[in-house]
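Dear colleague,

I am handing over the structure below, together with an account of what was found in it. Please read the text with the coordinates open beside you.

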Amino acid sequence: MSATKQQAQTFDMVRRLKVADYLTLSNGESEFMAIFASMQQRVVLAYLLVFLGYEFDRFDGMVARMRNECSELGKELDSFSDLVSFCVAPAVTLYCMGFDSLLDQAVLALYVLCGLARLARFNVAAQSVPRDEHGKPLYHEGLATPYAGLLLMTASAVACWSERAEDILSGTLVFAGEWYEFHGILAIVVTMSIMMASKRLHIYFDGGYSIPAATALVLAGCWFAPRL
């Protein structure tokens, strides 16, 4: 029996899971719950669960470095969890809010695919990004999927809380003499998709703390402010 086959047979995933990996799995579990909440039209709850998943995603890397638990298994778990958390969950939320026309579905599919492509590129080319003396990347190559997902979920939660979701769902498009349901606001989703997939876009801004803090403040302001 070759060494490769023997290693495959003796690979025990449960025993190889570290503390950081369980945090990553918690991220994925939060996002599945967010998807279920979106399907029940509980968009604000879905946002809170995505926010929780973002925090799990942020802390799993910190814990992995602190405990020296970085591994290929953890890297793959992190990528799959991020795909569900910040690509699939926001797309499902927007679909459940009413962005469900054929054009909407094409835009949401583009968003998920661009997020998937960015995560794959990150796994392959992350080490090629210049780093500072502490080993931290000097910039993000393209818009990070956690930032994109959290921003979309925040906008969705604010729209539902302020009861403006129906206003942004209005819109039609005439093509070849036929009327089609078209939501122009999804141009923002297209833009974010392109930003995620872009290799030339270098974002020097580190939003690890500022973006979740800003989204939390926005939602808190909506919570305490009277609905329009």
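A residue is called buried here when its relative accessible area is under 20%. Leu83 has a relative accessibility of 17% and therefore counts as buried. Please bear in mind throughout that this is a predicted model.

Leu83 lies in helix 5, and, leaving aside neighbours within four places in sequence, Leu83 is in contact with Val88, Val112, Leu116 and Leu119.

As to the overall arrangement, the protein has 10 helices and 4 strands, which follow one another along the sequence in the pattern α-α-α-α-α-α-β-α-α-β-β-α-β-α. Of the 228 residues in the protein, 43% are buried. Among the contacts with a separation of 6 or more, 76% are accounted for by residues 24 or more positions apart.

In soluble globular proteins, nonpolar side chains tend to be buried together. In this model the largest nonpolar core has 40 residues, and those with the most contacts inside it are Val50, Tyr111, Leu143, Leu150 and Val189. At least two residues of this core come from each of helix 3 (19-39), helix 4 (43-66), helix 5 (72-97), helix 6 (102-125), helix 7 and helix 9. For Leu143, if residues up to four places away in sequence are not counted, the residues touched are Arg118, Ala148, Met192, Met195, Met196, Leu201 and Ile203.

Which residues of helix 9 are buried? In helix 9, which spans residues 187-197, they are Val189, Met192, Ser193 and Met196. Seen down the axis of helix 9, these buried residues fall within an arc of 105°, and so they line one face of the helix. An α-helix has 3.6 residues a turn, so residues three or four places apart point the same way.

Two helix pairs involving helix 7 deserve a description. Helix 7 (residues 145-161) packs with helix 9 at an angle of about 170°, the axes being 10 Å apart, which makes helix 7 roughly antiparallel to helix 9. Helix 7 contributes Thr145, Ala148, Leu151 and Leu152 to the contact, while helix 9 contributes Val189, Met192 and Met196. By class, this contact of helix 7 with helix 9 has 6 nonpolar residues, 1 polar residue and no charged residues.

Helix 6 and helix 7 pack at an angle of about 155°, again with their axes 10 Å apart, and are therefore roughly antiparallel to each other. Their contact is made by Tyr111, Gly115, Arg118 and Leu119 on the side of helix 6 and by Thr145, Ala148, Gly149 and Leu152 on the side of helix 7. The residues of the contact between helix 6 and helix 7 divide into 4 nonpolar, 3 polar and 1 charged.

Ala159, in helix 7, is buried, with a relative accessible area of 10%, and the C-alpha atoms of Ala159 and Val44 are separated by 9.5 Å although the two residues are 115 residues apart along the chain. Ser26, in helix 3, is by contrast partly exposed, with a relative accessible area of 26%; Ser26 and Asp60 are 34 residues apart in sequence and 9.6 Å apart in space, C-alpha to C-alpha.

With best regards

Conventions
Residues numbered from 1 in each chain as written. Predicted model: local features only at pLDDT ≥ 70, side-chain atom pairs only at ≥ 80, totals over all residues. Heavy atoms only, no water. Buried < 20%, exposed > 50% of the residue type's maximum accessible area, 1.4 Å probe, protein only. Arc of directions from axis to C-beta. Axes fitted to C-alpha atoms, helices over the stretch in contact; angles between N-to-C directions. Parallel < 35°, antiparallel > 145°, perpendicular 65-115°, else oblique. Contact = heavy atoms within 4.5 Å. Nonpolar A, V, L, I, M, F, W, Y, C, P; charged D, E, K, R; others polar. Core = buried A, V, L, I, M, F, W, Y, C linked by side-chain atoms within 4.5 Å.
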